[in-house]
Amino acid sequence: MSRTIDRANWLVGQGLRWIALVLVVLGVVNVVGRYLGAQLGMQLSSNSLLEAQIQAFNVMFLLGGAYLLLENGHIRVDVLHSKFSAHTKAWIDFLGSVLLLIPFCLLMLGYSFDYVLRAWQRLEVSPNPGGLPLYPIKTVLLIGFTLLLLQGVSQAIKAAAVIRQGRQ
């Protein structure tokens, strides 16, 4: 189960590389359009392009958390953590996942569900002229916290295996 979760989050992380490329391209287009448009006296940028850039960042942020956890990229107090044995690190990771990460993800999923559901019921769109639909990006909240929850379960499984090996 842990390997399947890890593989799924790894694939999502690889896909986010393309979102990063889209984010950079949108940023360049927005900057060039704004400054070139000002020089030419024309409007070469739009709210939809600006919102697409923001939404691409949101996708990276929300979906990237699980991948970052998989790759051990989250911030921790490495000065202390590096001095601990593998068994102690496993206990810290296990307890952190079970007592903090998993309950936090469940809480966020619970709070986000109605928020996302209302957005879909209204087919919510940005109030800005030419703005993008908001209900798809709000759905990414649920996907992101589900992936992070699953990765927390995977991390707990791996930590439990290390703990169990230490006792044998």
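Leu99 is exposed, with a relative accessible area of 56%, and its place in this predicted model is in helix 4. Between Leu99 and Arg34 there are 48 Å in space, C-alpha to C-alpha, and the two are 65 residues apart in sequence. Elsewhere in the model, helix 1 and helix 2 pack against each other at an angle of about 155 degrees, and the largest nonpolar core has 20 residues.

**Packing of helix 1 and helix 2**

- Two packed helices are described by the angle between their axes and by the distance between those axes.
- Helix 1, which spans residues 2-40, packs with helix 2, residues 47-70, at an angle of about 155 degrees, and their axes are 8 Å apart; because angles over 145 degrees count as roughly antiparallel, helix 1 is roughly antiparallel to helix 2.
- The crossing in which helix 1 passes helix 2 is left-handed, and by class the contact of the two helices has 19 nonpolar residues, together with 7 polar and 3 charged ones.

**The largest nonpolar core**

- In soluble globular proteins, nonpolar side chains tend to be buried together.
- Here the largest nonpolar core has 20 residues, and those with the most contacts inside it are Val59, Leu63, Cys105, Val140, Phe145 and Leu148.
- The elements that give two or more residues to this core are helix 2, helix 4 (86-122) and helix 5 (135-167), and the largest share, 8 residues, comes from helix 5.
- Leu63, one of the core residues with the most contacts, is in contact with Val12, Leu16, Val140, Ile143, Gly144 and Leu147 when its neighbours within four places in sequence are left aside.

- Leu147 is found in helix 5 and counts as buried, because its relative accessibility of 14% falls under the 20% cut-off.
- Not counting residues up to four places away in sequence, Leu147 touches Asn9, Val12, Leu63 and Ala66, so that Val12 is listed among the contacts of Leu147 and also among those of Leu63, by the 4.5 Å criterion for heavy atoms.
- Leu147 and Ser126 are 21 residues apart in sequence, and their C-alpha atoms are 26 Å apart in space.
- Gln155 also lies in helix 5, and at 19% relative accessibility Gln155 counts as buried, since the cut-off for that class is under 20%.
- The contacts of Gln155, with residues up to four places away in sequence not counted, are Asp6, Leu69, Leu70 and Ser97.

- Between the C-alpha atoms of Leu36 and Arg7, which are 29 residues apart along the chain, the separation is 44 Å.

**Positive phi values in loops**

- Asn72 lies in the loop between helix 2 and helix 3 (78-81), and the phi of Asn72 is near 60 degrees, a positive value in a residue other than glycine.
- Leu123, which is found in the loop between helix 4 and helix 5, has a positive phi of about 45 degrees although it is not a glycine.
- With a relative accessible area of 47%, Leu123 is partly exposed, because the exposed class begins only over 50%.

Definitions and conventions. Residues are numbered from 1 along each chain as its sequence is written. This is a predicted model: local features need pLDDT of at least 70, side-chain atom pairs count only at pLDDT 80 or more; totals for chains, interfaces and linings use all residues. Side-chain values use heavy atoms; hydrogens and water are left out. Axes are lines fitted to C-alpha atoms, for helices over the stretch in contact, and angles run from 0 to 180 degrees between N-to-C directions. Helices (H or I, at least four residues) and strands (E, at least two) are DSSP runs, numbered from the N terminus. Angles under 35 degrees count as roughly parallel, over 145 as roughly antiparallel, 65 to 115 as roughly perpendicular and the rest as oblique. A crossing is left-handed if the near helix is turned anticlockwise from the far one by less than a right angle, and right-handed if clockwise. Ala, Val, Leu, Ile, Met, Phe, Trp, Tyr, Cys and Pro count as nonpolar, Asp, Glu, Lys and Arg as charged, and the others, Gly among them, as polar. A nonpolar core is a set of buried Ala, Val, Leu, Ile, Met, Phe, Trp, Tyr and Cys residues joined through side-chain atoms within 4.5 Å. Buried means under 20% relative accessible area, exposed over 50%, partly exposed in between (1.4 Å probe, protein chains only).
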